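The sequence and the structure come first, and the notes follow by topic.

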Amino acid sequence: MSAKADLLIKAKNITTLDPARDFVEKDLCIAITGDTISYIGKADGAPDATNTIDYKDHWVMPGLINAHTHLPMTLLRGFSDDVPLKDWLEKHIFPAEGRLVSPEFCRLGSKIAALEAMLSGTTTVCDMYYFEPDIADVMDQSGMKAFLGQSFIDFPAPDNKKQDGNDYKLLEELIERYGSHSRIHPVVAPHAPYTCGDETLKATAAFAKKHNLLYSIHVSETDFEMKQSQEQYGMTPVARLQKLGVFETRSVFAHCVHVTDDDIKIMAKSPTAVIYNPESNMKLGSGAARIRKMLDEGVLVGLGTDGCASNNDLNMFGEMNTGAKLQKVSLADNAAITAKEMLIMATRDGAKALGLQDTGYLAVGKKADIISVNLRHSNLQPVHDIPSLIYSVQGHEVQDVWIDGKQTVKDHKCLTIDQDAVFDELAHYRERMDF
Ligand SMILES: [Zn+2]
């Protein structure tokens, strides 16, 4: 007789994303003991549990992994839309950030981000921003898993105005406070090859290698970046990062919209993962990353929303939907990518990209990062095919969320962050700040 579990989830429809199992299964039970999945199988062999949930009309799956975002930028949602990317960044976003971004901004923006992410089924995020120790406090409290990338950039940044090394100080503070935390992971995050010189890229790569930290960077987002790199350095951004030692780190490259076949070969040979951000690439007019080609060549690909200023949401179901359609439209091929491939990208491969070995799919011994989607919604009925739900789920149908076995969303309500208090805080903040 097996030991008593804390929770037994009975699921009508389940996608465990376990490569050893069928993609879709019916009538399975999942037991959670502590923070871990202790049983997956038919009801006959299931252990007794303190609590049981019997889902009749739900889809149970692993929590989604948003592998590239900028959490506090929820506060810049809709702030500056429909302008060319270079102007958007240089004339709107960077100046606004210089004026507004503070520890308070980062804390408030991250609370809104954590709410939005969990309520639409995301359990892990990979962030890149400023004042990361403040963001870490919020994310710790939210119960989410968070890879938090302290930014490095070769001009005055909101948390490094004098360019006197405060970026390193903040990263060291983050490591000191959260370096051995089970859910919060410090990350080294130089902004991009076009905003960081060789010295910054090289030094940050060496730092990541020395401290065994993830290295997260925007790469080859635009045609402009690609051309400028070839003119200035005589090589592509990917080749330059290889030359500077970045491939010796565990790294994630966001975007990679404009890469050569040789760049793809370099990335395929390394554990470096590309993070596909289809909605941001579309909204900023950057183009369509060649994800089909990358997958065929063996590049590891995760999925991200990017920040709310360029998306404008953190909804990973929407991202799977758009991500599939962007590949189909750019290749004029309805079979360019499948719903199953998008689900793998948003879960198992996202976890692999971030170096998480104990989550990303549901199996005995893995952490209990689980979500349920209520299928009793008019936009989801009838259900003919479970993976195809990525084309119709809007995000709000996510009913329950567990992270490390702890429930953070129950009946569409967040248990770890008080939503009303956050909206009140936002209203007061907007009264005080002019934006
Ligand atoms: Zn980004």
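In what order do the eight strands of the open sheet stand? The order is S3-S2-S1-S4-S13-S14-S15-S16, and the pairing is mixed. The model described here is a predicted one. In total, the protein has 14 helices and 16 strands.

**Overall size**

- Along its principal axes, the C-alpha trace of the protein spans about 65 × 50 × 40 Å.
- The radius of gyration is 21 Å, which agrees with the value near 22 Å that a compact globule of 435 residues would have.

**The two domains**

- The domain assignment gives domain 1 as residues 5-61 + 369-404 and domain 2 as residues 64-354.
- The centres of domain 1 and domain 2, taken over C-alpha atoms, are separated by 29 Å.
- To the contact between them, domain 1 gives 16 residues and domain 2 gives 22 residues.
- On the side of domain 1 that touches domain 2, strand S14 (residues 398-403) provides the largest share, with three residues.
- That side of domain 1 divides into 10 nonpolar, four polar and two charged residues.

- Strand S1 (residues 5-14) and strand S2 (residues 25-33) run antiparallel and are joined by seven bridges.
- In this pairing, Ile14 is found opposite Glu25 of S2.
- S2 also pairs with S3, in the antiparallel sense and over five bridges.
- Here Thr33 has Thr36 of S3 opposite to it.
- S2 and S3 make a hairpin with two residues between the strands, and Gly34 in the turn has a positive phi of about 65°.

- S14 and strand S15 (residues 406-410) are antiparallel, with three bridges between them.
- Val401 lies opposite Val409 of S15.
- The two strands S14 and S15 form a hairpin with two residues between them, where Asp404 in the turn has a positive phi of about 50°.
- S15 is joined in turn to S16 by two bridges, and these strands run antiparallel.
- Opposite Lys410 stands Lys413 of S16.
- S15 and S16 form a hairpin too, with two residues between them, and Asp411 in the turn has a positive phi of about 50°.

**Helices H3 and H4**

- How do the axes of helix H3 (residues 132-142) and helix H4 (residues 166-178) cross? They come within 8 Å of each other and cross at roughly 30°.
- Angles under 35 degrees count as roughly parallel, and H3 and H4 are therefore roughly parallel to each other.
- From H3, the contact is made by Glu132, Pro133 and Ala136. From H4, Leu170, Glu173, Leu174, Arg177 and Tyr178 take part.
- The residues of this contact of H3 with H4 divide into five nonpolar, no polar and three charged.

Conventions
Residues are numbered from 1 along each chain as its sequence is written. This is a predicted model: local features need pLDDT of at least 70, side-chain atom pairs count only at pLDDT 80 or more; totals for chains, interfaces and linings use all residues. Axes are lines fitted to C-alpha atoms, for helices over the stretch in contact, and angles run from 0 to 180 degrees between N-to-C directions. Helices (H or I, at least four residues) and strands (E, at least two) are DSSP runs, numbered from the N terminus. Angles under 35 degrees count as roughly parallel, over 145 as roughly antiparallel, 65 to 115 as roughly perpendicular and the rest as oblique. Two residues are in contact if their C-beta atoms, placed from the backbone, lie within 7 Å. Ala, Val, Leu, Ile, Met, Phe, Trp, Tyr, Cys and Pro count as nonpolar, Asp, Glu, Lys and Arg as charged, and the others, Gly among them, as polar. Two strands pair if DSSP finds at least two bridges between them. Domain bounds come from an automatic or database domain assignment. The radius of gyration is taken over C-alpha atoms; the globule rule is 2.2 Å times the number of residues to the power 0.38.
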